[in-house]
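Me: I am new to this structure and would like to learn how to read it. Please take one feature at a time.

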Amino acid sequence: MQLMSSLQQEAYNYIKDLILSNRLDVNSLYSETKLSKELGISRTPMREALQCLSQDGYIDVIPSKGFRIRQLNQKDMKETIQIRCAIEGFCTHCLAADINTARGQRTIRELGNILDLQCKSIEDNPDTDNYEDFINYDHQFHLLLVKYINNEEVNHIFQRLMYLIKLTSQSALEVEGRVTGTLDEHKKYFEYLKDGNGDEAYRILIDHLMMPLNVVKPEK
């Protein structure tokens with residue numbers, strides 16, 4: 001993991017927050033110089049921050065012009081899902097094997113609490129097309145599973161995928177029936193995992209993660 005200076009980290013976090021809060025337009029070209037002035041820092045830490053954001057999948061740098069927000073394409077989505085299947089599938093078996101330990105039981109309770117909040121986010125707003133809270137709980141659910149194995153490299157890989165995961169989730173939830181489908185899959189997965197049935201939980205998880213490849217049609 002690349003170490004960043006304080007100014008570089010400030011610029012990285014500032015732009016990342018703009019992207020994740022949907023305050024930047026995916027169709028616009030943004031200026032490194034203008035953002036440096038907005039933040040009151042020199043262009044060097046800004047340029048370094050943009051390189052890190054590019055490496056982490058948030059933006060595409062256009063040499064001598066600026067950068068654009070990264071958009072989802074078929075290759076990105078497929079590769080992101082494949083990595084998630086490998087990581088989360090392994091974590092599922094690890095947690096299922098520890099289901100009778102204190103730590104395993106604590107994690108199951110935390111997963112259950114997040115699942116309840118995800119269900120409530122839809123019950124409270126059944127007629128809205130804004131799934132921001134639903135997606136946030138979805139990410140918390142999967143991130144808690146990943147963090148269970150206490151592997152810093154795995155955590156870093158997963159964090160680098162978060163923006164592409166968010167884009168995939170947003171695209172999938174726009175398809176009719178995927179909100180209830182996602183909840184049903186989470187519930188089935190949770191029940192198998194709670195019972196220590198790692199094989200069935202794994203099967204549900206892989207089908208769940210692979211689903212966007214069947215329903216989302218991003219750019220080639």
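**Reading the model**

Reply: Take S169 to begin with: its relative accessibility is 13%, so S169 counts as buried. Buried means under 20% relative accessible area, exposed means over 50%, and partly exposed lies in between, with a 1.4 Å probe and protein chains only. This is a predicted model, in which local features need pLDDT of at least 70 and side-chain atom pairs count only at pLDDT 80 or more, while totals for chains, interfaces and linings use all residues. Residues are numbered from 1 along each chain as its sequence is written, and side-chain values use heavy atoms, with hydrogens and water left out.

Me: Where is S169, and which residues does S169 touch, not counting residues up to four places away in sequence?

Reply: S169 lies in helix α8, residues 162-173. Helices (H or I, at least four residues) and strands (E, at least two) are DSSP runs, numbered from the N terminus. Leaving out residues up to four places away in sequence, S169 touches I135, D138 and H139. Contact here means heavy atoms within 4.5 Å.

Me: Is K37 buried or exposed?

Reply: K37 counts as exposed, at 68% relative accessibility. K37 belongs to helix α2, residues 32-39. Between K37 and K187 there are 150 residues in sequence and 48 Å in space, C-alpha to C-alpha.

Me: How many helices and strands does the chain have?

Reply: The chain has 10 helices and 2 strands. Their order from the N terminus on is α-α-α-β-β-α-α-α-α-α-α-α. The radius of gyration of the chain is 19 Å, close to the 17 Å that the globule rule gives for 220 residues, so the chain is as compact as a globular protein of that length. That radius is taken over C-alpha atoms, and the globule rule is 2.2 Å times the number of residues to the power 0.38. Of the 220 residues, 45% count as buried.

Me: How do I read a pair of packed helices?

Reply: Two packed helices are described by the angle between their axes and the distance between the axes. Axes are lines fitted to C-alpha atoms, for helices over the stretch in contact, and angles run from 0 to 180 degrees between N-to-C directions. Helix α4 (residues 74-97) and helix α10 (residues 198-215) pack at about 165°, with axes 9 Å apart. That makes α4 roughly antiparallel to α10, a term for angles over 145 degrees. In α4, the contact residues include M77, I81 and C85; in α10, they include Y202, L205 and L209. The residues of this contact divide into 12 nonpolar, 5 polar and 4 charged. Ala, Val, Leu, Ile, Met, Phe, Trp, Tyr, Cys and Pro count as nonpolar, Asp, Glu, Lys and Arg as charged, and the others, Gly among them, as polar.

Me: At what angle do α5 and α9 pack?

Reply: Helix α5 (residues 102-123) and helix α9 (residues 178-194) pack at about 160°, with axes 11 Å apart. That makes α5 roughly antiparallel to α9. The residues of the contact of α5 with α9 divide into 9 nonpolar, 4 polar and 2 charged.

Me: What should I look for in phi?

Reply: Most residues other than glycine have a negative phi. N22 has a positive phi of about 60° although it is not a glycine. N22 sits in the loop between α1 (6-20) and α2 and is partly exposed, with a relative accessible area of 49%. S64, also not a glycine, has a positive phi of about 65°. S64 is in the loop between β1 (59-62) and β2 (66-69) and is exposed, with a relative accessible area of 86%.

How values were computed
Angles under 35 degrees count as roughly parallel, over 145 as roughly antiparallel, 65 to 115 as roughly perpendicular and the rest as oblique.
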